[in-house]
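Here is a brief report on a predicted model.

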Amino acid sequence: MSLGRMFNPPHPGEVLKGLYLEPLELSITQTAKYLSVSRVALSEIVNKRRGISPEMSVRLAEAFDTEVEMWLNLQIKYDLWQIESRKAEIKRQVHRIVGTLNP
């Protein structure tokens, strides 16, 4: 499947902000305390400067009664979409291994 045909997925921080923080009227500071993380770390996620780690996925899933995989999948889809713009450059830098080795 080509990523070029997919829509531009939102950053997980946008989802967190739009579906959870804003509707529940939670500030970043309050939410960071509930998650037991720093305010800076959560702010960076919400402002799309940091991705969602597996550990943060567990924290968010526990706090908002969601699935860990949901948060991880959001991050993976976002990351893959972002890297798609560099795909041609990466392909030029990588040397194919399969088909070049003698058995």
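## Aromatic pairs

Tyr20 and Phe64 are both buried. Their ring centres lie 4.9 Å apart, with the planes at 45°. Planes under 30 degrees apart would count as stacked and over 60 as edge-to-face, so this pair is tilted. Tyr20 sits in helix H1 and Phe64 in helix H4, so the contact ties together parts 44 residues apart in sequence.

Tyr20 also pairs with Trp71. Here the ring centres are 5.7 Å apart and the planes meet at 50°, so this pair is tilted as well. The link again joins distant parts of the chain: Tyr20 belongs to helix H1, Trp71 to helix H5, and 51 residues separate them. Tyr20 and Trp71 are both buried.

## The cluster

How many aromatic pairs does a search of the whole structure find? The count is 2. Tyr20, Phe64 and Trp71 make up one aromatic cluster.

## Helix H5

Helix H5 runs over residues 68–84. At 1.5 Å a residue, its 17 residues should span 24 Å. The end C-alpha atoms are 25 Å apart, which agrees.

Which residues of H5 are buried? They are Trp71, Leu74, Gln75 and Tyr78. These residues cover an arc of only 90° around the axis, so they fall on the same side of H5.

The buried residues of H5 pack against helix H1 (12–21) and helix H4 (54–64).

Terms used:
Residues are numbered from 1 along each chain as its sequence is written. This is a predicted model: local features need pLDDT of at least 70, side-chain atom pairs count only at pLDDT 80 or more; totals for chains, interfaces and linings use all residues. Side-chain values use heavy atoms; hydrogens and water are left out. Helices (H or I, at least four residues) and strands (E, at least two) are DSSP runs, numbered from the N terminus. The expected span of a helix is 1.5 Å times one less than its number of residues. Buried means under 20% relative accessible area, exposed over 50%, partly exposed in between (1.4 Å probe, protein chains only). The arc is that of the directions from the helix axis to the C-beta atoms. Contact means heavy atoms within 4.5 Å. Rings of Phe, Tyr and Trp (its six-membered ring) pair if their centres lie within 6.5 Å; planes under 30 degrees apart count as stacked, over 60 as edge-to-face and the rest as tilted.
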